[in-house]
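Keep the viewer open as you read.

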Amino acid sequence: MTDAAQRLAQARQRLAAAGQSPRRVGKDRALAALDWVYRWGWSTPAVIDALTGAKRRGLCAKLVQAGLLVETKTAAGRILHDLPQKIVTLSDAGLAEVERRRVDDLMDYSTNPYKVNQAMLRHDLLVQKATQRSLQSGGIKGFLTPRELARKSTADSKQADALWIMPDSRRAGVEVELTAKWDRRLDEFVWRIWQSMTEQNRAMDLCIISSDSPAIIARYKKAFAAGQTVHTWRKDQQSKWHIDRAYTVPDWLPDRMRWVQLKD
Amino acid sequence: MGAAQRLTAALLLVLLAGCSSQTEQQMQAQIAQQQAQIQQLQAQVRAYTDASERLDAAASVYNGCMALWGLGAGLCPADSLALGREAAAAGFPGAGWPYWLALIGKLAAAAAAAGAGVGALLAGGGWAWARIAAPEAARTRRAREDIAQAQERAARAAQEAQQAEARAAAATAAAEAAVRAAEKRRAALEATTQDLELEIAALQGQIAELKAEQKLLRGFDGL
């Protein structure tokens, strides 16, 4: 028996001891991949393959081949190296497979891959990759995607790019900032994150802001510094924005912020 | 100046006069003779003195026996009375201690013979006076002195005891105060220990949180 065959036999024995079979494991991996795409809206072959822990690529291709996923080429993927060349979405069959296993947390899912906002591909992919890695390393035990958060968001609280559930059950909001915000948008960004962490609305316990721009991180750190003024805005009848009120950033808010410099 | 001394002085005068008519040997012979005479005279003096003392003592006994109007004289020895009578008649005063001894002895014998309380009292009184009262007075005086000294010592002891008691009370109070202070310090240390334990627990909690966040942020590694 070759080494590979021997290893395969040993793996089958371990599965059998755990009451599982290779077929069962394969099916579970496939369902996990489909569920991931359902929750995020789309994903990439690399993320799907990494998600299931497969050492070799192939799961995503198999799902596409099985008609459960649809593979679509991206517009700028061939030009920009940090953009995926292909994305995958659920097919009708894949959607059906996912929904028949869900109890009551169904979401409105479009199987049209061109409804995916390709301008946000890099941003959303960074969030997916960070989530998948944290999940696999044990840094988090669960997460909520923007689609899931959209169902629970309130007017003042910020809908994060993702919400990570830590092993100690603390919730960390994840924000990936690739472009700088200014004036009203920056005020709203600070205000909504602040309101998401008040005692009255503990939507998150801390907030991770990541960016590949050191300048953005420096600017946002300053905006979140204790004592800084943040304005709320209101729109008038002509739909023009005006400063409504001014607030001072409390001392505790900077302690709840975490900053990550992404590599360029 | 005694006889011996007069003789010695005469001899010295003779020697100093430088009498040359007598030879040295003759002088030495005369001196020896004179010295022998002196010694003889001294022995006679001693004998006379002893005799005088004996006769005075006998007179004392006689007087003691004949005291108190001769009461109980028959109790004294007859030969003592005879000698003492003659001595008293010869002019010996007879007032020495044998007088008292004889008197007391007579009284005691009289009391014992009569078996009477009065006689016993008289004898006892006399005996008491002679043997007890007089020395008793001295003993009483000494006893009083002893009592006074003992009282003085007792007073000093009482004072020392009082002072010792005061010192003991002060020491007890100080010890109790020290115990209270130590208890207070112990309670404060216990409270501080509890505070520190709480602080440590809080810090350990913070460390655990920070480690969890460190692991969390590794999700961005390589991105």
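A polar contact here is a pair of N or O atoms within 3.5 Å, where, within protein, one must be able to donate a hydrogen and the other to accept it. Bear in mind that this is a predicted model. With that rule, seven residue pairs are in polar contact between chain A and chain B, both partners at pLDDT 80 or more.

Who supplies chain A's side of this meeting? In chain A, α6 (121-137), β5 (171-176), β6 (206-211) and β9 (257-261) each put at least two residues into the side that touches chain B. The largest share comes from α6(A), with six residues. Sort the side of chain A that touches chain B by class and you get eleven nonpolar, five polar and six charged residues.

Now step back to the interface as a whole. Chain A brings 22 residues to the contact, and chain B brings eleven residues. Together the two chains bury about 1,500 Å², and 66% of that lies on carbon and sulfur atoms. There is charge pairing too: three salt bridges turn up across the interface of chain A and chain B. To look at a salt bridge up close, find R258(A) and E213(B), whose side chains meet at 2.4 Å, N to O.

Two packed helices are described by the angle between their axes and the distance between the axes. For helix α8 (residues 183-196) of chain A and helix α9 (residues 214-223) of chain A, that angle is about 65° and the axes are 11 Å apart. The crossing of α8(A) past α9(A) is right-handed.

Which residues do the touching? From α8(A) come L186(A), F189(A) and V190(A), and they meet R219(A), Y220(A) and A223(A) of α9(A). By class, this helix contact has five nonpolar, no polar and one charged residues.

How values were computed
Residues are numbered from 1 along each chain as its sequence is written. Chains are lettered from A and ligands numbered from 1 in the order in which they are written. This is a predicted model: local features need pLDDT of at least 70, side-chain atom pairs count only at pLDDT 80 or more; totals for chains, interfaces and linings use all residues. Side-chain values use heavy atoms; hydrogens and water are left out. Contact means heavy atoms within 4.5 Å. Buried area is the accessible area (1.4 Å probe) that two parts lose on being put together, summed over both. A salt bridge is a side-chain nitrogen of Lys or Arg within 4 Å of a carboxyl oxygen of Asp or Glu. A polar contact is a pair of N or O atoms within 3.5 Å; within protein, one must be able to donate a hydrogen and the other to accept it, and residues adjacent in sequence count only if both atoms are side-chain atoms. Helices (H or I, at least four residues) and strands (E, at least two) are DSSP runs, numbered from the N terminus. Ala, Val, Leu, Ile, Met, Phe, Trp, Tyr, Cys and Pro count as nonpolar, Asp, Glu, Lys and Arg as charged, and the others, Gly among them, as polar. Axes are lines fitted to C-alpha atoms, for helices over the stretch in contact, and angles run from 0 to 180 degrees between N-to-C directions. A crossing is left-handed if the near helix is turned anticlockwise from the far one by less than a right angle, and right-handed if clockwise.
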